[in-house]
Amino acid sequence: MAASSTVSQISVARTEAGAPPRHTLLVRITHWVTVLSFFALLVTGAELIVSHPRFYWGEAGNSGTEPLFRIPIPASRGTVPSGYSYTMPDQNGWSRYLHFEAAWVLVITALIYGLASLLNGHFRRNLLPAPAQRNWPAFRAVFARYFRRGPPDAGEANSYNVVQRLSYLIVIFVLFPLVILTGLALSPGFNAAFPIVVTAFGGRQSSRTLHFFVTDLLVIFLIVHVAMIALAGFWSRNRAMITGHIKSQPYQTKERV
Amino acid sequence: MSVISRRKLITTGVVAVAGVAGLSAADRIAKRYGLIPPDGGGIYGPGETLTYAAQRLLTKHSLAREFPRSMISEKPFGNELAPPTDAFKHHQAAGFADWKLDVGGMVERPTAFSLSDLKSLPTHSQITEVVCEEGWSYVAEWIGTPLSGVLNEVGVHPQARYVVYYSIEPDWWESVDMADALHPQTFLTMGMNNGNLPVHFGGPLRLRVPRQLGYKSVKFITRMTVTDSMKKFGKGLGSASPEAGYSWYAGI
């Protein structure tokens with residue numbers, strides 16, 4: 001209680017003219033930590049795929065069995081029938097170390113963000129569609145405006161529209177939990193303790209394939225997310241996520257308490 | 001100085017002190033209960049320690065998944081091997097009749113086991129999956145004797161913490177902690193899918209550690225050392241894997 005009121009007062013103190021920040025300190029910090037860990041996971045995950053760019057369905061699969069599909073790139077290991085006569089540089093060692101360390105950072109950050117957002121009302125207030133938005137016309141209106149490249153509504157500098165809210169809810173409550181669970185289903189130690197997770201995904205190789213597909217969806221989200229920010233004003237939106245300020249005036253040190 | 005900044009200062013101070021105290025307490029507890037892996041230093045150390053500690057606290061006694069006979073892979077995949085050394089070829093030419101497993105270190109009775117000695121111990125089989133760090137896998141039946149039985153035969157000292165095991169081939173050695181060494185599915189494996197263990201799959205003797213990735217299941221085992229510390233083995237990181245850039249603990 002005391003701690004949270006202190007945090008909010010600090011946040012208020014750092015914004016201009018007493019206005020609440022566009023994004024709370026907690027949202028800003030967890031957002032950028034997630035960005036860093038997601039990029040580490042994405043790069044190292046891609047490196048790991050290079051060692052075996054074939055995907056299977058079911059429990060087991062290897063170079064001697066028929067893949068569900070394969071990525072047409074050379075592999076970093078000589079035993080993989082990639083169709084190329086040469087191998088790529090092998091980067092699995094550090095990629096594995098960093099993948100799992102970044103996964104811990106992501107999971108711990110997600111737990112802090114998720115728990116705090118449940119308690120402080122961030123999910124309910126900012127991400128759950130507001131009562132006036134919970135209808136098809138509101139949903140269609142946002143898309144219609146996107147397609148004719150219309151300017152954002154005035155309110156959107158301070159709040160999210162229904163399409164944004166639903167996108168964030170899907171990423172936070174569907175895609176991230178799925179990518180974490182399909183990743184855990186690849187751990188032999190975790191599978192020994194909780195076999196139901198890997199079984200529910202249809203087996204070890206199915207889990208690996210789903211881990212790849214969910215990652216693809218997260219990358220699509222990332223591309224659209226960054227594109228929309230660029231359209232709405234790249235620097236003003238980034239400033240809001242870094243300092244909490246919305247307006248384009250420089251930071252007013254004098255007003256700092 | 002305003003109320004808010006003073007309160008902020010006090011809060012920050014309290015949080016910082018609590019954080020440092022918490023971390024140092026966690027470090028002491030982790031060391032005391034053996035939750036820090038031998039490669040737990042360096043920039044990847046925190047991630048490795050979190051993984052190893054979480055597994056040891058939550059999944060120490062769990063059993064690797066076993067599969068029905070119908071799920072045995074028709075095409076198991078034996079990974080690439082370096083060309084065999086003369087020592088191995090010599091044994092192979094003799095039909096592995098003189099193959100020995102030397103078990104020593106912190107034990108009451110250092111013993112050299114022949115393959116027939118090992119076969120006279122209780123034989124078990126398990127249908128488990130070999131999982132390569134590259135991403136591929138296969139399911140096979142593995143037949144052998146639990147390592148725990150051999151460790152009971154030689155009498156392990158109570159302060160033992162790791163079992164180090166060596167291939168006859170150079171620079172191929174690993175270690176596991178006692179939780180995995182004494183685990184009922186950790187087998188000295190001599191048979192596969194109702195036959196002898198083929199050379200390509202590690203025959204005549206492979207240590208199977210089914211709760212960890214395939215690279216912990218070293219092929220052509222000839223020597224084992226029980227120890228209380230990995231400091232004096234190689235570079236002190238636990239096995240040949242971290243020296244080549246891979247985690248020591250491969251149960252993830």
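Analyst: Two residues are in contact if their C-beta atoms, placed from the backbone, lie within 7 Å. This is a predicted model: local features need pLDDT of at least 70, side-chain atom pairs count only at pLDDT 80 or more, and totals for chains, interfaces and linings use all residues. Residues are numbered from 1 along each chain as its sequence is written, with chains lettered from A and ligands numbered from 1 in the order in which they are written.

User: How many residues does the contact take from chain B and from chain A?

Analyst: Contact is judged by the C-beta criterion. Chain A supplies 38 residues, and chain B supplies 42.

User: Which element gives the most to the side of chain B that touches chain A?

Analyst: Helices (H or I, at least four residues) and strands (E, at least two) are DSSP runs, numbered from the N terminus. α1 (3–32), α2, β3 (124–131) and β4 (137–146) of chain B each supply at least two residues. With six residues, the top contributor is α2(B).

User: Why is α3(A) roughly perpendicular to α2(B)?

Analyst: Axes are lines fitted to C-alpha atoms, for helices over the stretch in contact, and angles run from 0 to 180 degrees between N-to-C directions. Angles of 65 to 115 degrees count as roughly perpendicular. Helix α3 (residues 92–120) of chain A and helix α2 (residues 45–58) of chain B have axes 8 Å apart. They pack at an angle of about 70°, which means α3(A) is roughly perpendicular to α2(B).

User: Which residues of α2(B) do Tyr97(A), Phe100(A), Glu101(A) and Trp104(A) meet?

Analyst: These four lie in α3(A). Their partners in α2(B) are Pro46(B), Gly47(B), Leu50(B) and Thr51(B).

Definitions and conventions
Parallel < 35°, antiparallel > 145°, perpendicular 65-115°, else oblique.
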